[in-house]
Amino acid sequence: MNRYTVAVLVNNKFGVLNRVTSMFRRRQFNISALTVSETETSELSRITVVFDGEEDAKQQLINQLYKLPDVCSIKEFGDDNSISCELLLVKMKNEAETQEDIRRAAEAFGAIIVDYSRDYTMFRLADTTRRIDDFINLMRDFTILEICRTGSISLGKGSSTIRQVVNL
Amino acid sequence: MILSGADILVKTLIEQGCETVFGYPGGSILNVYDSLYAYQNEINHILTAHEQGAAHAADGYARTTGKVGVVISTSGPGATNLVTGIANAYLDSIPMVAICGNVSTTQIGTDSFQEIDITGITLPITKHNYFVGDVKDLADTVREAFRLAKSGRPGPVLIDVPKDVQMAKCEYEPLAPVEKDNVFAAKDVRIEEAEKLINASKRPYIYFGGGLITANAQEEMLALAEKIDAPIGCSLMGLSAIPTDHMRFLGMQGMHGHFASSMAMHKADLIISLGVRFNDRVTGNRQKFATGAKIIHIDVDGSELCKTVNATCGLRGDIKLTLKKLLPLINEDKKPEWMEKVNAFIQEEETYLDNREGLTPRKAILTLNKYLGENTAVCTDVGQHQMWSAQNLNFKTARRFVSSGGLGTMGFGFGAAIGAAFGTKERSVLVTGDGSFGMNLNELATAVRYNIPIVILLMNNGVLGMVRQWQTLFYNKHYSNTVLERKTDFTALAKAFGANGEAVTTPEELDAALKRAFKTEGPYVIDCKIDKDEFVLPMLPPGGSMDDIITKLEVEQ
């Protein structure tokens, strides 16, 4: 099993996300993360898919995506040619004996405090999926109230863009 | 000119070259039917007994003409009744446009009467679908749907049109029929790879499917076969592409294919595959499938190239253009040793042929062959009769075998035969079984109403023969729910619908009945009694390989 990150540029139209995810479901692709957002052009949305599987399955996923009329272009990202990032929000319970440890860990990871009350502290961390996993694992030593993370987004290094990928 | 959405829809269909459409009216599509009434001199609408029949008719029309088949239904149950027909066209890559009415946009999402999310339902069984929310988008959506349906690997496209969009008015400007997207040959580097494999091959086998018919690449394929001295076989969907009696043609291969064809594929060192998708009915156990062979796979749909069987060399592109580029690179080469082997397979196959006396399934199909014209389309339902037809029918012209390959839809045949008769403008033939016929026999009413000449050869064995065959072989003869025990008198049934028919029990009676049937103006039902223990042979057991092939079977009574 390998982990693949694939970005898909699609028409920004009603129901397109459903078309893409419906294809994943019926062909039983195992998606570990998925993000969607508008792009620099309002007509286009960008879907970033993180996918665990074999090379064949990944190729099949890309081939099937190309068959959807709303898909404009597809780009696969590896660690060496792209920057990936994910966002985490985590609510930690305030407990006198652990508060200092939590703050120190957050500082080490670069997580910042975005909300605070007597009972809890909310941290925000934007980093790679791996670093976020590590941070959450560390937080498990304390009392986690709630976690929300976005799934990974990626951009290729260099000045070329996904819109310049030739669809073949 | 300013027209209503309904008028625009019908005008755009006419503009796109539709002569005949199939369908069934209802509340949410009334406006479109009003326009069909207004333009009845320009477009012919065939009313079926059930929307499923209409969808299959559009499918049969598309298969026999190569044009886009069009089916129209109302919302809700009308739309859901199309689903099997759309799925059938999807699995066999048939160009179709399905148009459904829907409730008004103001009512969408409120579960109002006969409202259904048909674009949601058909998402996985269409190439694409549209919900038209604005009458200004309607004409271009229809054009886009036609372009998608026929371009590349064809398939069904659905358009959902709410009632208020049918009623709204806007400007309509007629345009020329849309063209298919341009096709292209595979990349040169792939063609060079294929060339090396072909020139090095000692035992090549050409294997084609429905994609060859879509690409219209028969001539190029035959030229290749001639050049490299290769035998040719096909999948069910490929049948009729080249004449059955062509010297190099070994017939359909696969689970119930011709022995020689499957054997040649099994023993080949190179399988040149054209417009196929290596379905499990074709390969059996994929681990044991043609283990000694390299595979060249040419298909317009790149996702097929490594989907089920890993091709040694996958070429994404139009088959005709790719073969045209490939042919000059191929060395002419006779392969007497390989041909000798293939001939030995053919001779072995002859020893397995069923030459029993009496009204055997093979005898029935061979008798039918005598009456088929160059242009006669033969449609089938699904089951044993379908395989007997595929094995024994004698095809002369491409697009004249119409059968549900991928979805395996019992009940497909009658609608398809209606569509085929309109497509070929000739008498069509339906070979069916009593199980399949029972599913959509209501279309007899349609065939009678429009006086459509259809010869219906009903292979009546009183059982669901194909399922029963599996029960015999793999389920300890537990004939669970496959013995029909019905009392249907098909001759009387035909008469009740206003058609004609007769029952036959001997080859002579069948011959005489066919003679009458092929002279009858409307539909004619021949209730052809065959034994319930007839088997489709040879048979590759599911998950087996050519080493496990069953060629003979004695069943104790």
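How far apart do the C-alpha centres of domain 1 of chain B and domain 3 of chain B lie? They are separated by 29 Å. The structure is a predicted model, in which local features need pLDDT of at least 70, side-chain atom pairs count only at pLDDT 80 or more, and totals for chains, interfaces and linings use all residues. Residues are numbered from 1 along each chain as its sequence is written, while chains are lettered from A and ligands numbered from 1 in the order in which they are written.

Chain B comprises domain 1 (2–171), domain 2 (188–351) and domain 3 (361–536), with bounds taken from an automatic or database domain assignment. Helices (H or I, at least four residues) and strands (E, at least two) are DSSP runs numbered from the N terminus.

In chain A, helix 4 (residues 129–139) has A:Ile132, A:Phe135 and A:Met139 buried, that is, with 20 or more other C-beta atoms, placed from the backbone, within 10 Å of their own; exposed residues have 12 or fewer, and partly exposed ones lie in between. The buried residues of helix 4 of chain A pack against strand 5 (82–93), helix 3 (99–109), strand 7 (120–127) and strand 8 (144–149) of chain A. On the face turned away from the buried side, helix 4 of chain A carries the exposed residues A:Arg130 and A:Asn137.

Notes. Two residues are in contact if their C-beta atoms, placed from the backbone, lie within 7 Å.
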